[in-house]
Amino acid sequence: MLMLIDRNLACGQIRLANLSIEEPERRKALSTWEVLKQLIAEEGFNTLYRGIVPVLQSLCISNFVYFYTFHSMKALRAAADVTPSALSDLLLGSLAGVVNVFSTTPFWVVNTRLKMKGLGHRVKDNSTHYDNLLDGLMYIGRTEGAKGLWAGALPSLLLVTNPAIQFMVYESLKRRLLADGGRNVSSVTFFAIGAVAKAVATVLTYPLQVIQTKLRHGNTDKSLDLPPDTDMLQMLLVMLKKQGLAGLFRGLEAKLLQTVLTAALMFMTYEKIARFVTTLLVRGGGPRK
């Protein structure tokens, strides 16, 4: 159920971020919830779930890559007898984010374009040529090459600060709780600190996420007077000129609801599984050789 709510909010947030420039007079006064209602009225209720299968596939791949890389490096840090700190957590989170960006950006490019279907009458879009993740990867690779598949990679690299900040805040709060004698931290507490960590990271990095979404979708709206190969700086400047600073935070409320709930549930689930596995190993006398 949480994933379905998350998917609806993501759809509204991405549409609002993208359409706010493409149709400024029509969209500038609309909130995220109003955009969701308008999407249902114009394109039907099914539009809120467009691309949900590719999203689930990409989420599984992305979360696996990030968690595996981050915790592998944490294990290496522990083996080297390095004292954990907020700074080292930030560094490990950033390195894991870089690995994740280069590994999964093509999946998210396809996802973004699938979500933006239905705008064909307003902007030129090639997402009508594919309906799933694999076909999208092959089509974009064939028609646009590696540049198309890794569109928005630069802001994505800058956005490694998002999960890095998230993990830094989370690990810092968790260490403080454990240091205060909270060995039996409840699931609700893990949920809460996961939510706080993601909220902080999202607010600090949201403008980059808006620019990333636009670059991934492709700059094909002629009203922006920008070349097809618009870079991050050009997109930032035109947004500030047309919408001001507020335009960089359009759709933030939906993004917070989407990412905070998802991250909080993810951290809570991870801690429960980790605790369960640790308990099994202790009761069994440790892993067998």
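**Figure 1. Aspartate 81 in the loop between H4 and H5.** Aspartate 81 lies in the loop between H4 and H5; helices are DSSP runs of H or I with at least four residues, numbered from the N terminus. The model is predicted: local features need pLDDT of at least 70, side-chain atom pairs count only at pLDDT 80 or more, and totals for chains, interfaces and linings use all residues. Residues are numbered from 1 along each chain as its sequence is written, and side-chain values use heavy atoms, with hydrogens and water left out. The phi of aspartate 81 is near 60 degrees, a positive value in a residue other than glycine. Most residues other than glycine have a negative phi. Aspartate 81 counts as exposed, at 69% relative accessibility. Exposed means over 50% relative accessible area, buried under 20%, and partly exposed in between (1.4 Å probe, protein chains only).

**Figure 2. The whole chain.** The chain has 11 helices and zero strands. Of its 289 residues, 48% count as buried. Contact means heavy atoms within 4.5 Å. Among contacts between residues at least 6 apart in sequence, 74% join residues at least 24 apart. The accessible surface comes to about 14,600 Å², and carbon and sulfur atoms hold 67% of that. Areas come from the Shrake-Rupley method with a 1.4 Å probe; for residues, only the protein chains shown count as cover.

**Figure 3. The largest nonpolar core.** A nonpolar core is a set of buried Ala, Val, Leu, Ile, Met, Phe, Trp, Tyr and Cys residues joined through side-chain atoms within 4.5 Å. The largest one has 16 residues, of which Tyr66, Phe70, Ala96, Phe167, Tyr170 and Phe190 touch the most other members. Helix H4 (52-79), helix H5 (86-115), helix H8 (161-179) and helix H9 (187-217) each give two or more residues to this core. Which residues does phenylalanine 190 contact, leaving aside its neighbours within four places in sequence? They are Tyr170, Lys174, Val185, Phe267, Met268, Glu271 and Arg275.

**Figure 4. Arginine 175 and aspartate 89.** A salt bridge is a side-chain nitrogen of Lys or Arg within 4 Å of a carboxyl oxygen of Asp or Glu. The whole structure holds five salt bridges. In one of them, the side chains of arginine 175 and aspartate 89 meet at 2.8 Å, N to O. Arginine 175 is partly exposed at 26% relative accessibility, whereas aspartate 89 is buried at 0%. Salt bridges link Arg77, Asp89 and Arg175 in a network.

**Figure 5. Glutamate 144 and arginine 113.** These two side chains form a salt bridge at 2.6 Å, N to O. Glutamate 144 lies in helix H6 (residues 133-149) and arginine 113 in helix H5, so the bridge ties together parts that are 31 residues apart in sequence. Glutamate 144 counts as partly exposed at 30% relative accessibility. Arginine 113 counts as buried at 5%.

**Figure 6. Glutamate 271 and lysine 174.** The side chains of glutamate 271 and lysine 174 meet in a salt bridge of 2.9 Å, N to O. This pair also joins distant parts of the chain, with glutamate 271 in helix H11 and lysine 174 in helix H8, 97 residues apart.

**Figure 7. Helix H11.** Helix H11 (residues 252-283) has 32 residues. From its first C-alpha to its last, H11 reaches 46 Å, close to the 46 Å expected at 1.5 Å a residue. The expected span is 1.5 Å times one less than the number of residues. Buried residues of H11 include Leu252, Val260, Phe267 and Glu271.

Figure 8. Valine 160 sits in the loop between helix H7 (153-158) and H8. The residue is buried, at 8% relative accessibility. Its C-alpha is separated by 6.3 Å from that of valine 98, 62 residues apart along the chain. Neighbours within four places aside, valine 160 contacts Gly93, Ser94, Gly97, Val98 and Val101.
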